[in-house]
Amino acid sequence: MTDANDRDPYALFADWLEEAGRSEPNDPNAMALATADAAGVPSVRMVLLKGVDARGFVFYTNTESRKGEQLLANRHAALCFHWKTLRRSVRVEGRIEQVTDAEADAYFESRPRESRIGAWASQQSRPLEGRWELEKRVAQYAAKFAIGTVPRPPHWTGFRVLPARIEFWQDRPFRLHERVVYRPADPASQGDSASWTTERLYP
Ligand SMILES: Cc1cc2nc3c(=O)[nH]c(=O)nc-3n(C[C@H](O)[C@H](O)[C@H](O)COP(=O)(O)O)c2cc1C
């Protein structure tokens, strides 16, 4: 990370994610997603990064889930990747926006048919009587969409975190870890900053 000052944070992130793809046993794109409700009370869970480009970091979920309701009430989020074998972490914080319908449709269509049926069947985060209830709903939607394509449910979409801050953390001996924080040079930018300031932090 010694060259961090010269790098675009998305290029550095892409390198780290690519390395994690080679070293992690599974889900190198798994990240903790922190949200908060309207009162500011936080909660966190794992999701998968499904897109990253110069605009920000994208994941997909159910808008009627706990996180979905929180994201719609308080449009800020934080992400944390931890690649244990590489002893690296990346943290991202910023406002969120919903991806376009076209973007969500394109990703939804790329998923296996069973996952698309599952997105209809799962009332994510709401109480479930028993496994049978979920299996019944899966069977109902499989029958409903037996012919033709499975459309994207209206309550299923993606969110993009527009980074106001991206921190790279690299383990170093004796806990003298390296930390570099990137911020958009123009604080009003919406994640798509052309230039970034960097700052090193004590571990
Ligand atoms: C490795 C991993 C990846 C996950 N990826 C997603 C995901 O991309 N989207 C999602 O909605 N839930 C994902 N989940 C499930 C969430 O962690 C969580 O259980 C679910 O989204 C409900 O969270 P909520 O009640 O806070 O809304 C994943 C779980 C794990 C362990």
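Let's start inside: the largest nonpolar core has 28 residues. A nonpolar core here is a set of buried Ala, Val, Leu, Ile, Met, Phe, Trp, Tyr and Cys residues joined through side-chain atoms within 4.5 Å, and buried means under 20% relative accessible area with a 1.4 Å probe, protein chains only. Phe13, Phe57, Phe59, Trp83, Val90, Ile166 and Phe168 have the most contacts inside this core. Helix H1 (9–23) gives the most to it, six residues, and strands E1 (30–36) and E4 (56–62) are among the elements that supply at least two each. Helices (H or I, at least four residues) and strands (E, at least two) are DSSP runs, numbered from the N terminus.

This is a predicted model: local features need pLDDT of at least 70, side-chain atom pairs count only at pLDDT 80 or more, and totals for chains, interfaces and linings use all residues. Residues are numbered from 1 along each chain as its sequence is written, and side-chain values use heavy atoms, leaving out hydrogens and water.

Now zoom in on Phe57. Leaving aside neighbours within four places in sequence, Phe57 is in contact (heavy atoms within 4.5 Å) with residues including Tyr10, Phe13, Leu79 and Ile166. There's also a second, separate core of 14 residues, with Tyr60, Trp120, Tyr141 and Val150 among them.

Why group like this? In soluble globular proteins, nonpolar side chains tend to be buried together.

Key: Buried < 20%, exposed > 50% of the residue type's maximum accessible area, 1.4 Å probe, protein only.
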